[in-house]
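Student: I'd like to work through this model step by step. Could we have the sequence and structure in view before we start?

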Amino acid sequence: MDKFGMGQPVRRKEDVRLLTGRGSYTDDLSRENEAQMVILRSPHANARINSIDLAAAQAAPGVLMVLTGAEADADGLGLFPVMVEVPGKDGTRVFAPPRKILQAEHVRFVGDPVAVVVAQTRAQAQDAAELIEVDYDVLPSITDTAAAAEAAAPLVWEEAGTNTCVLWTNGRKEQTDAAFAAAAKISTVRLVQNRLIGNPMEPRVALGEYDAATGGFTLTSPTQGVVRVRETLAQFIFQVDKAKMRVISPDVGGGFGLRGKLFPESAMVLWAAKRLGRPVKWTAGRTETFMCDPHGRDHVTEAEMAFDANAKIMGMRVRSIAAMGAYLSDFGPRIPTVAGGRISGTVYDMQNVNMEVRCVFTNTTPTDAYRGAGRPETAYVIERLLDAGAGDFGIAREEIRARNYIRQEQIPYTNCVGVEIDSGHFEETQGKALELADWSGFDARAAASRAAGKLRGRGLGYFIEASGGQPQEWARVKMEQDGTVALTVGTFSHGQGHETAFAQLLHDRLGVDFSAVRLVQGDSDVVPSGGGTGGSRSSQMGGVAVVRAAEMVITKAKRIAAHLLEVGAGDVEFDGGKFRVAGTDLSTDWTAVVAAAENPPEGETPGLDEQLIYKRDTECNFPNGCHVAEVEIDPDTGVVTLARYAAVDDVGVVINPMLVHGQCHGGIMSGVGQALLEHAVYDQESGQFLTASFQDYCMPRADDAPDFALGLNVVPCPSNDLGVKGAGEGGSCGAPPAIVSAVCDALGIAHIDMPVTPEKVWRALAAKAA
């Protein structure tokens with residue numbers, strides 16, 4: 001088989017550049033006469049601002065400018081938008097509070113921006129920021145998600161009269177109630193989705209420039225796609241034509257959903273650059289990353305599942321409280337509601353499902369999409385309920401799932417929220433995963449652990465993803481005179497390997513050298529349209545756009561070749577980079593055709609340069625998988641070791657298995673972090689953020705994971721040309737339920753909340769012994 005074609009495990013071509021220090025990140029860039037910006041942030045979770053004294057800061061060495069919300073209001077800066085509308089129960093609507101670039105009257109979380117200092121150096125700006133005197137009237141705060149909606153809770157937004165942002169439901173209450181009334185058994189669980197911080201390796205950076213002659217702004221900053229950032233900055237914050245706003249993203253060190261937002265700091269550097277008349281740069285410290293990047297998850301859920309006498313699911317009720325933070329981020333209220341709700345029921349045949357999600361304001365950092373964005377939460381609830389059901393019936397956990405999977409003859413299957421699942425072999429995938437995990441050999445391993453004084457448990461978690469979103473994408477393919485191919489696409493690579501995967505697609509379609517493909521991305525002046533990368537959409541949207549643009553190039557090239565070969569266009573065949581006259585030995589190649597295209601025959605435009613916007617009817621497709629974990633626990637210390645891990649994923653047709661496995665590894669490790677280690681914590685009395693550094697927030701390390709045994713069950717997606725599905729977020733969905741299931745199995749208990757720390761395990765063992 002072709003070494004560089006579709007389906008081949010090609011090493012990432014971008015890695016040589018990145019691993020040898022030749023990457024170009026925003027903080028590597030400097031502009032002539034560049035100034036440095038530092039932000040003064042609120043030390044209080046909830047407080048009124050009585051006054052701000054800037055005099056000492058303005059007089060400090062090197063200070064060029066100090067700005068507050070008063071200047072922002074005077075300059076007419078707009079409010080930061082909420083990009084979604086979530087339908088509320090009984091026709092109610094989302095309460096979307098105003099979010100300004102700087103707070104002049106009231107701060108609502110620790111880290112809320114109050115003032116901006118611009119100086120010659122970052123150190124001078126930091127020193128000056130400490131000289132700003134703010135008189136705060138400190139107020140009671142609420143950081144407890146479960147208590148935020150209670151009548152006695154302090155109000156984050158007094159004008160709302162409640163901390164409820166929106167109460168969302170999928171409906172179906174009456175039919176679900178009827179199913180529960182007829183049930184043979186009802187299993188219940190109360191669980192917590194711990195608050196997480198994405199922590200990309202590269203902290204956020206923003207470099208702002210303003211051209212007074214043209215009125216044009218340029219923002220250079222890591223994103224997950226420049227187009228939407230440009231449009232929201234232009235439309236909502238500065239109220240200028242989007243042609244006056246340019247956004248550039250060079251190499252980006254990780255995204256995880258966090259980079260796809262419009263941030264106040266991005267607007268601040270542009271505003272400061274315009275006021276100052278010189279470039280302004282801001283680089284986040286790691287503590288700022290912890291405090292001010294959007295957080296993920298943070299739900300408290302009570303759920304119950306009704307079964308008939310044969311352990312078949314009859315219905316499910318879910319009641320969740322989801323923290324929004326103090327403000328609504330771009331997609332904040334959509335994540336726990338519509339986004340997570342799309343895959344309600346996951347891979348199981350259940351229709352009588354009633355869910356309610358109460359989105360609440362808290363005096364915390366706003367939450368938004370984090371790897372999986374609602375789907376890990378949904379899968380976790382269902383998998384914990386099935387484990388509870390298996391315990392209540394006294395049957396195996398794999399058996400209760402097998403009895404309830406959507407069967408092959410039911411696909412396409414319309415789930416309980418009206419979403420059509422178009423492909424998947426769920427029971428088969430579970431069987432492959434159990435075989436890969438050596439499920440049948442567990443007893444011998446458990447005996448060996450007991451002999452060593454350890455407890456061993458196993459668990460599994462099945463998920464389905466709704467990947468895709470934004471059902472259109474733009475791509476451009478241009479054949480260059482030097483033999484290279486310039487590929488420009490509206491998705492954005494921030495670690496996924498697009499330079500490699502898209503080059504494989506063009507090598508396959510065009511027959512050009514894999515090394516000849518040059519990816520162009522991350523500049524809104526050359527990428528006029530595109531949805532960026534998020535929701536595992538790049539291969540299914542960007543990839544299809546790329547191959548369709550390539551086919552347009554081939555169609556035109558065949559006409560040029562026909563002119564060169566003096567035959568009709570219908571007589572020309574194309575294969576492997578060669579244009580042949582059917583039934584003869586007459587042929588030509590790309591070099592001749594590209595040259596001839598510069599002076600094409602009458603009726604043809606010069607060059608081989610095609611672009612298109614690919615649109616599809618469906619919003620999502622449905623990668624899925626079964627993950628199996630084994631843990632070993634030291635009963636004296638409560639330390640949990642992830643001893644074995646196996647997973648079989650269905651990501652549709654595979655472009656590059658090496659890239660897919662890399663995405664699986666990363667997703668699983670983020671799931672390991674949630675299950676065992678990570679938790680963003682606020683003090684419930686003061687509202688102070690207690691986990692603002694790696695000393696207090698535990699990220700997974702290499703030795704927290706075993707070798708992963710990974711397999712693929714290829715079930716092509718019928719809704720796109722390539723048959724591909726998303727691959728980036730499955731591990732975040734499958735790992736938490738599999739690991740928690742394994743811990744509960746080892747401890748012999750029904751449930752334990754994430755993160756499963758040694759202290760929690762030790763207390764669970766002590767309680768069981770008592």
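**Rings, core, pocket and backbone**

Student: What relative accessible area does Phe694 have?
Tutor: A residue is buried under 20% relative accessible area, exposed over 50%, and partly exposed in between, using a 1.4 Å probe and protein chains only. Phe694 falls into the partly exposed class, and its value is 42%.

Student: Before we go on, what kind of model is this, and how are residues numbered?
Tutor: It is a predicted model, in which local features need pLDDT of at least 70 and side-chain atom pairs count only at pLDDT 80 or more, while totals for chains, interfaces and linings use all residues. Side-chain values use heavy atoms, with hydrogens and water left out, and each chain is numbered along its sequence as written, from 1.

Student: How are the rings of Trp157 and Tyr327 arranged, and how many residues apart in sequence are the parts they tie together?
Tutor: Rings of Phe, Tyr and Trp (its six-membered ring) pair if their centres lie within 6.5 Å; planes under 30 degrees apart are stacked, over 60 edge-to-face, and the rest tilted. The count by this rule is 17 aromatic pairs. Among them, Trp157 and Tyr327 have ring centres 5.6 Å apart and planes at 70°, so they are edge-to-face. Trp157 sits in the loop between strand S6 (133-138) and strand S7 (164-169), and Tyr327 in the loop between strand S16 (313-325) and helix H9 (335-341), so the parts tied together are separated in sequence by 170 residues.

Student: Are those two residues, Trp157 and Tyr327, buried or exposed? And which residue pairs with Phe290?
Tutor: Trp157 and Tyr327 are both buried. The ring of Phe290 makes an edge-to-face aromatic pair, 5.1 Å centre to centre with 75° between the planes, and its partner is Phe694.

Student: Where do Phe290 and Phe694 lie, and how many residues apart are those parts in sequence?
Tutor: Elements here are DSSP runs numbered from the N terminus: helices are H or I with at least four residues, strands E with at least two. Phe290 is in helix H8 (residues 286-292), whereas Phe694 is in the loop between helix H17 (657-677) and strand S32 (708-712), so the pair links parts whose separation in sequence is 404 residues.

Student: How far apart in space are Ala738 and Tyr348?
Tutor: Ala738 lies in helix H18 and counts as buried, at 0% relative accessibility. Tyr348 belongs to an aromatic cluster with Tyr405, Phe426 and Tyr462. Ala738 and Tyr348 are 390 residues apart in sequence, and their C-alpha to C-alpha distance is 17 Å.

Student: What is the volume of the second largest pocket?
Tutor: On a 1 Å grid over the protein atoms alone, a pocket is an open set of points where a 1.4 Å probe fits, with protein on both sides within 12 Å along at least five of seven lines. Its volume is the space filled by probe spheres set on the points, which are joined across faces, edges and corners. For the second largest pocket this comes to about 400 Å³.

Student: Which element gives the largest share of its lining?
Tutor: Lining residues have an atom within 4 Å of a point. There are 19 of them here, and Thr143, Asp144, Asp298, His679 and Gln684 lie nearest the centre. Strand S8 (185-193) and strand S15 (299-307) each give two or more residues. The largest share, three residues, comes from S8.

Student: What phi does Asp298 have?
Tutor: Asp298 lies in the loop between strand S14 (295-296) and S15, and is buried with a relative accessible area of 11%. Most residues other than glycine have a negative phi. Asp298, though not a glycine, has a positive phi of about 70°.

Student: Which residue is joined to Pro412 by a cis peptide bond?
Tutor: Pro412 is in the loop between helix H11 (397-402) and strand S18 (413-414). Omega for its cis bond is about 5°, and the partner is Ile411.
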